[in-house]
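This briefing is for a reader who is new to the structure shown below.

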Amino acid sequence: MARFLIDPSALLSFAPRHLAVAIPMALGAAACGEASTTTAPIVTGGDEALPPSAAWPTSFVSTAGSGAALYLSDAQDAPAIGFIRPGVDLEVAEGPRNGRALVRIRGDLKVRAWIVTSRLGMVVQTRGKIGGTEVYVGPGDIVRYLGSGDEPGLVRVEAMARLTEDVLAPAMEGIYPSDRLAPTAPPADAEAPTPGTPGRLPAGREVALYNRPGGDVIATLPALDPGIPVEVVRDGEQWRGVRVGVGPYLVGYIDVAPVPSERYVAPAAAADAVPAALMTAAEASRPLWRIPAGTRVKWDGQTIAIVDAPCYARELERFDDGAVDVFVASQQLSIRGLVPAESLEAVPQ
């Protein structure tokens with residue numbers, strides 16, 4: 001049985017140049033699918049090194065997780081340099097080593113960095129239940145890739161059911177057909193999970209989720225307000241078969257009546273809005289700038305990112321040589337590094 005709690009905020013405790021004192025900064029983790037998530041006090045998967053394999057994919061997407069995802073190198077003491085949202089395309093340049101893989105990321109921010117292997121994922125192409133777990137996935141859901149399974153055509157994956165946009169269930173490891181996964185979006189005609197009757201769990205009340213009517217409790221769903229979205233797919237007088245969350249889902253039975261509600265619809269982000277990573281309480285008081293295309297973001301003289309389309313940034317510190325320590329973000333990821341002071345542009349009102 002699993003319960004859920006709030007993860008502590010992630011910190012980047014390094015500065016992008018050699019300084020006598022490290023500069024701890026909470027860098028908008030919540031906006032990159034990071035530290036605002038609620039997860040269980042259970043560690044599964046972790047950042048262990050994955051064995052090299054000739055069949056190891058070269059293309060992935062990023063998964064959800066807590067803490068910084070991007071590092072300067074594969075060394076265990078390497079600085080953490082950034083966060084990443086789920087679903088960002090990743091091109092593997094070097095396979096896993098010390099629990100990290102070197103990846104290239106293309107977009108408004110072009111980045112070359114080491115990502116923890118726990119953030120390498122695949123996109124579900126066809127709906128189904130992950131073998132050995134109580135997790136159900138639909139097209140577009142993202143699972144962590146763990147490697148080949150014991151049987152041909154199966155791969156090991158790990159999934160965290162999303163109970164809400166910000167609340168994650170404990171990670172569960174199982175198997176899934178390899179031909180139902182890809183590092184790309186599913187086809188437009190991919191079959192979605194069978195719709196049920198939409199509703200929400202009663203607000204402010206913990207609800208037990210059972211593996212079968214009157215069976216074992218597989219999770220205690222947290223008391224939230226509003227309640228967690230559910231779809232009732234089997235309705236009975238006492239027991240209701242439900243799909244819980246916003247995808248990936250937990251599946252099981254509850255013995256309470258959901259509150260009628262509209263079917264959940266994922267919110268859409270404005271493409272040109274200031275990234276949420278720069279609007280957290282830790283960041284809002286810092287000067288906000290625009291960074292023009294072509295600007296190089298550096299860490300101790302090494303280029304770690306190139307701005308390919310104008311991005312926003314928060315100023316953290318200025319140095320006498322004209323370098324500025326910034327936290328620069330696109331809608332996909334956020335990176336800390338140094339940029340020239342002359343690259344900072346005023347933000348239009």
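Which residue takes a positive phi in the hairpin of E24 and E25? The residue is Asp-300, with a phi near 55°, and the hairpin has 2 residues between the strands. The model is a predicted one.

**Strand pairing around E25**

- Strand E24 (residues 296–299) runs antiparallel to E25, and 4 bridges join the two strands.
- Within this pairing, Lys-298 has Thr-303 of E25 as its bridge partner.
- E25 (residues 302–307) also pairs with strand E8 (residues 109–116), in the antiparallel sense and over 3 bridges.

- Trp-239 is found in the loop between strand E19 (229–235) and strand E20 (240–244).
- Its relative accessibility is 19%, and buried means under 20%, so Trp-239 counts as buried.
- Leaving aside neighbours within four places in sequence, Trp-239 is in contact with Tyr-210, Pro-213, Gly-214, Arg-234, Tyr-253, Ile-254 and Asp-255.
- Gly-252 is 13 residues from Trp-239 in sequence, and their C-alpha atoms are 9.9 Å apart.

**Aromatic pairs**

- The structure holds 2 aromatic pairs.
- In the pair of Tyr-210 and Trp-239, the ring centres are 5.0 Å apart and the planes stand at 85°; planes over 60 degrees apart count as edge-to-face, so this pair is edge-to-face.
- This pair links distant parts of the chain, since Tyr-210 belongs to strand E17 (residues 207–210) while Trp-239 is in the loop between E19 and E20, 29 residues apart.
- Tyr-210 and Trp-239 are both buried.

**Charges over rings**

- The charged end of Arg-243 sits over the ring of Tyr-249, at 5.4 Å from the ring centre.
- Arg-180 lies over the face of Tyr-176, and the distance to the ring centre is 5.9 Å.

**Nonpolar cores**

- In soluble globular proteins, nonpolar side chains tend to be buried together.
- The largest nonpolar core has 63 residues, of which Ile-105, Val-244, Leu-250 and Ile-335 touch the most other members.
- Apart from that core lies another one of 7 residues, including Tyr-71, Phe-83, Leu-102 and Val-116.
- Beyond its neighbours within four places in sequence, Leu-250 is in contact with residues including Val-135, Ala-161, Leu-163, Met-172, Leu-221, Val-242 and Val-244.
- The contacts of Leu-250 also include Glu-134 and Arg-243.

Definitions and conventions
Residues are numbered from 1 along each chain as its sequence is written. This is a predicted model: local features need pLDDT of at least 70, side-chain atom pairs count only at pLDDT 80 or more; totals for chains, interfaces and linings use all residues. Side-chain values use heavy atoms; hydrogens and water are left out. Two strands pair if DSSP finds at least two bridges between them. Buried means under 20% relative accessible area, exposed over 50%, partly exposed in between (1.4 Å probe, protein chains only). Contact means heavy atoms within 4.5 Å. A nonpolar core is a set of buried Ala, Val, Leu, Ile, Met, Phe, Trp, Tyr and Cys residues joined through side-chain atoms within 4.5 Å. Rings of Phe, Tyr and Trp (its six-membered ring) pair if their centres lie within 6.5 Å; planes under 30 degrees apart count as stacked, over 60 as edge-to-face and the rest as tilted. A charge sits over a ring if NZ of Lys or CZ of Arg is within 6 Å of the ring centre and within 35 degrees of the ring normal.
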